[in-house]
Amino acid sequence: MSQEWHLNNFEKESKIINIIHTINNDTNIDGILIQFPLPKHININKIIQHIKPSKDVDGLHPYNIGCLLQQTPKLRPCTSRGIITLLRKYKIKINNFNVVIIGTSNIVGKPMLLELLLYNCTVTITHQFTKNLKQHLKTADLIIIAIGKPNFLNGKHIKPGVIIIDIGINKLYNNMIIGDVNFRSCLNKASYITPVPGGVGPMTISSLLQNTLEAYHKKYQYDN
């Protein structure tokens with residue numbers, strides 16, 4: 001079964017938490033998804049922490065993040081999981097890669113770091129203000145970027161053969177959607193590069209569905 005709760009932008013945080021508690025106790029519902037972003041007066045972390053870990057299909061509850069940190073993953077963050085699935089689909093063996101992540105968010109950057117450590121990658125996690133960022137990029141076998149800055153990464157910053165995963169979504173004044181990577185300037189230097197739109201987005205959705213299916217099959221695993 002599927003249910004949706006549509007709330008206004010001025011809804012109290014306590015009401016959202018009460019709804020989550022109701023869903024937590026409903027045995028007919030196996031997964032809970034909070035649509036981000038939330039209004040500024042809502043504490044996102046507090047909301048996530050009230051979701052039952054076994055129903056956290058976004059994979060962002062501290063319990064699920066902790067399991068990933070301890071290399072015993074259960075429900076995994078959707079975007080980082082989708083990226084790993086994408087790399088495996090193209091038979092790209094990332095073991096022992098030098099990886100640069102640009103972006104430190106709780107939704108993408110940090111979970112991506114934990115996923116890559118499962119493959120013994122050497123990971124440098126950076127942001128748009130990192131000193132000597134270009135030096136880090138020169139040695140990267142894989143670059144993953146999610147900072148919301150259009151065309152931030154261009155071809156002169158990367159080495160030939162690098163793999164680039166662009167998670168950025170930027171809407172320009174003409175309503176055109178582009179990523180954080182200057183696609184044209186990187187296309188001929190990268191061995192693989194994801195487009196925006198149509199690259200990582202569908203993988204995030206597929207991972208959400210995968211998590212939901214796993215939550216259904218393993219609904220008692222968390223409690224036993």
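**Cavities.** I searched the whole structure, a predicted model, and found one cavity of 30 Å³ or more. On a 1 Å grid over the protein atoms alone, a cavity is a set of points where a 1.4 Å probe fits but cannot get out, and lining residues have an atom within 4 Å of a point. The largest cavity has a volume of about 40 Å³, volume being the space filled by probe spheres set on grid points joined across faces, edges and corners. I listed its lining as Ile34, Phe36, Ile48, Ile51, Asp56, Asp58 and Leu60. This lining divides into five nonpolar, no polar and two charged residues, with Ile, Phe and Leu counted as nonpolar and Asp as charged.

**Helix H5.** I next looked up H5, residues 109–117, where Gly109, Pro111, Met112, Leu114, Glu115 and Leu116 are buried (under 20% relative accessible area, 1.4 Å probe, protein chains only). Helices are DSSP runs of H or I with at least four residues, and strands are runs of E with at least two. The cover over these buried residues includes helices H3 (62–69) and H4 (78–89), and strands E1 (98–102), E2 (122–126) and E3 (142–145).

**Leu142.** I then turned to Leu142, placed in strand E3. Its relative accessible area is 0%, so Leu142 is buried. Beyond four places in sequence, Leu142 has contacts with residues including Leu87, Asn98, Leu116 and Ile163 (heavy atoms within 4.5 Å). Leu142 and Asn98 lie 44 residues apart in sequence, with 6.6 Å from C-alpha to C-alpha.

**Conventions.** Residues are numbered from 1 along each chain as its sequence is written, and side-chain values use heavy atoms, without hydrogens and water. Local features need pLDDT of at least 70 and side-chain atom pairs pLDDT 80 or more, while totals for chains, interfaces and linings use all residues.

Notes. Buried < 20%, exposed > 50% of the residue type's maximum accessible area, 1.4 Å probe, protein only. 1 Å grid on protein atoms, 1.4 Å probe; cavity = no way out; pocket = protein on both sides within 12 Å on 5 of 7 lines; lining within 4 Å.
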